[in-house]
Amino acid sequence: MFPELNNLLNITPDRAEQGKLTLLCDAKTDGSFLVHHFLSFYLKANCKVCFVALIQSFSHYNIVGQKLGVSLTSARERGQLVFLEGLKSSVDVFFQANEEPHPLQFLREANPGNLQPLFEFVREALKPEENGEAAWRCPVLLVDDLSLLLSLGVGAVAVLDFVHYCRATVCWELKGNMVVLVHDSGDAEDEENDILLNGLSHQSHLILRTEGLATGFCRDVHGQLRILWRRPSQPTAPRDRSLTYQYKIQDKSVSFFAKGMSPAVL
Amino acid sequence: MAAAATCGTGAGSTASVASAASKSKVTSFQRRGPRASGTDSGGLRLVSIAGTRPSVRNGQLLVSTGLPALDQLLGGGLAVGTVLLIEEDKYNIYSPLLFKYFLAEGIISGHTLLVASAKEDPADILQELPAPLLDDNCKKELDEDVCNHKTPESNVKMKIAWRYQLLPKMEQIGPVSSSRFGHYYDISKRIPQELIEASNWHGFFLPEKRSSPLKVESCSLTHGYLKLLQFIQNIIYEEGFDGSNPQKKKKNILRIGIQNLGSPLWGDDICCTENCDNSHSLTKFLYLLRGLLRTSLSACIITMPTHLIQNKAIIARVTNLSDTVVGLESFIGSERETNPLYKDYHGLIHIRQIPRLNNLICDESDVKDLAFKLKRKLFTIEWVQDNYLRQERNIYPPGFSYLLKQKDSAWGEGSLQHSTFLMSFLAKATAFASRLVRHGEPLKQTGSGRIRQAAGPRLWHDGRRQEAPGFLGIPP
């Protein structure tokens, strides 16, 4: 969790909004630091988190999480975190034919168009516990990242359907939040990815878009972050506010500053 | 060792402080002993595998790519459990070299190899691996090849401190020990046969695997990829690289090399058409391979003819699915071949992606303009900027480019001082030349000691003064 980003977004773990879809998107840079931010943010906010991690291993997220002050291992033990490790289970699914359907069952299919098992997994994970009062505040679904599903042969429409189902369940029914990461392919002209990105941009409430600098690599500025609120949080706030900041990733935090105001230049 | 280190090869930096401290011998300067035996590795749990070292940044175990210069650019080496993707150059001349360096390093370090190809028999690939430069030869070769000094002193061993000569020799001469991380190789020679025979390797040659009966699989993976994945999974499982049977034998690293992945020989059609039926085959294969690697002690190098892939979207996806991506761009057939800036090089090397492992940031090096050069024996990577400065040195008088390089000096290009200096320099030179013509004076007679003493500001402090005495000898 990066306090500076919380200030920019005007949120704190104590009063996280509910029912929102946040889209993280990166172009010509790596936006995974935002995933780490939201993972630690919601764990600290005492939310029940379902993390569909397709791109990295559990230990990677765990070690980075420890730097940000949360322990994924203990969160998983006490039932706050449900972690789907894509890399590990994909190998199991692929090489061992199991009878019971696995969330990543589509890996074995010739024409995967069905993310239903994955959705069932998410719904099962975030289902409110029947006995007694809820131990966790609100359910949160995190996906890192959706573009990977396209690489695995799932169509863009199927992914959009999946997101829609999740929104209906998590955001609307359970009054929870969703955070998904999608890569912007930029000039690679990845049509399916563009469909996915545009479709999600249309639905989401908050878009955080990280871009590499147009001038190329720089040691002191790693990229710029654009924040776009689709709906005003307060009725009085101006609509469709958009803000641009530059950032520098440090070992345990990220510092944000206005364009051209990097401490290295001043 | 001192001589090699001063040449800027970077090999010397591997001698770690930690192991030096564990030895209670005479000096901290001494080289680390062979770690393979494991006799002296007291508390170092991580470095118990030969040819590896832990990363300073993220604690991940690293292996060498077989090219110390590349190791440095990638943040110390290639992390175990990750994929290194080499984008092949247009005519596939230089990328096989990197591939072979990686495998040769595995043989020297005693790692298990898995070589997969659809084009050449893996046994043949192994035969063509470059020979390692032995420790004692190494210094000589590096002196010859890397530091190309014209001075006759380069053969004389540099002596930094005389007293160290008296110390007993600690270095093991013989077959290169795995004490060092990353070795140099001589591409003009082949690796000794006995080293190959002693090594443990597995070959995957696609045409041979075709003979097996085609099983109808429900998944969408191309036949070649499927076979290869099953092969790799088998090796990892049977030889215990996944840590399933740790008690069986000593831990070792599996080095996987896959040649020309994605080429039509693998039965993939992404190189032929833009909208192919099984365009997800390659990305799916890479994802599953990544899954296999992350759960085992293995590192993988893949060379891929990305310039052949018709659909740019696939390249972007492949890059996202690999950890480290290095692109080679050779000058052959391009305009850059005749560009004087690149006259000393054979191509450019692009570090496209460096993985973020256990960390928010990655070890990205600040140096971006890198070029490679294939010398008689070595493949070297250099900073193009160096060459640019070297050229500048030929244009300007000696010592002048040094002034230009000084960051804080007011002598930057375009500044007042710069132009004044150039003008006065040119004026003096013309005046002198015209005087020569007028008096018909021969050049060497002007360079007498007395006049040189009287010469103006002594800006030029190197050997060239003797070559052009006339310029300095102008009486004010």
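A salt bridge here is a side-chain nitrogen of Lys or Arg within 4 Å of a carboxyl oxygen of Asp or Glu. The model is a predicted one, in which local features need pLDDT of at least 70 and side-chain atom pairs count only at pLDDT 80 or more, while totals for chains, interfaces and linings use all residues. Residues are numbered from 1 along each chain as its sequence is written, chains are lettered from A and ligands numbered from 1 in the order in which they are written, and side-chain values use heavy atoms, with hydrogens and water left out.

Now for the interface itself. With contact taken as heavy atoms within 4.5 Å, 35 residues of chain B touch 44 residues of chain A. The size of an interface is often quoted as the accessible area lost when the parts come together. Buried area (the accessible area, 1.4 Å probe, that two parts lose on being put together, summed over both) is about 3400 Å² between chain B and chain A, and carbon and sulfur atoms give 62% of it. The rule for polar contacts asks for a pair of N or O atoms within 3.5 Å; within protein, one must be able to donate a hydrogen and the other to accept it, and residues adjacent in sequence count only if both atoms are side-chain atoms. Across the interface of chain B and chain A it picks out 12 residue pairs, both residues at pLDDT 80 or more.

Helices (H or I, at least four residues) and strands (E, at least two) are DSSP runs, numbered from the N terminus. On the side of chain B that touches chain A, the elements giving two or more residues are α9 (223–238), α10 (281–294) and α11 (312–321) of chain B. The largest share, 8 residues, comes from α10(B). By residue class, that side of chain B splits into 13 nonpolar, 12 polar and 10 charged; Ala, Val, Leu, Ile, Met, Phe, Trp, Tyr, Cys and Pro count as nonpolar, Asp, Glu, Lys and Arg as charged, and the others, Gly among them, as polar.

Two salt bridges between the chains can be named. A:Asp30 pairs with B:Arg356 at 3.8 Å, N to O. B:Arg317 pairs with A:Asp190, with the closest N and O atoms 2.8 Å apart. The latter pair joins two chains, because B:Arg317 sits in helix α11 of chain B and A:Asp190 in the loop between β5 (177–184) and α9 (191–203) of chain A. Buried means under 20% relative accessible area, exposed over 50%, and partly exposed in between (1.4 Å probe, protein chains only); both B:Arg317 and A:Asp190 are buried. As for α11(B), 7 of its 10 residues are buried, so the helix is largely enclosed by the rest of the structure. Its buried residues include B:Ile314, B:Ile315 and B:Val318.

A:Arg209 and A:Glu211 meet at 2.7 Å, N to O, and A:Glu211 counts as buried at 12% relative accessibility. In chain B, B:Glu87 and B:Arg352 also meet at 2.7 Å, N to O. That pair links distant parts of the chain, with B:Glu87 in strand β4 (residues 83–87) and B:Arg352 in strand β12 (residues 347–353), 265 residues apart. B:Glu87 is buried at 8% relative accessibility, whereas B:Arg352 is partly exposed at 47%. Shared partners also tie A:Asp184, A:Arg209, A:Glu211 and A:Arg226 into one network of salt bridges.

Overall, chain B comes to 18 helices and 14 strands, and buried residues make up 48% of its 476 residues.
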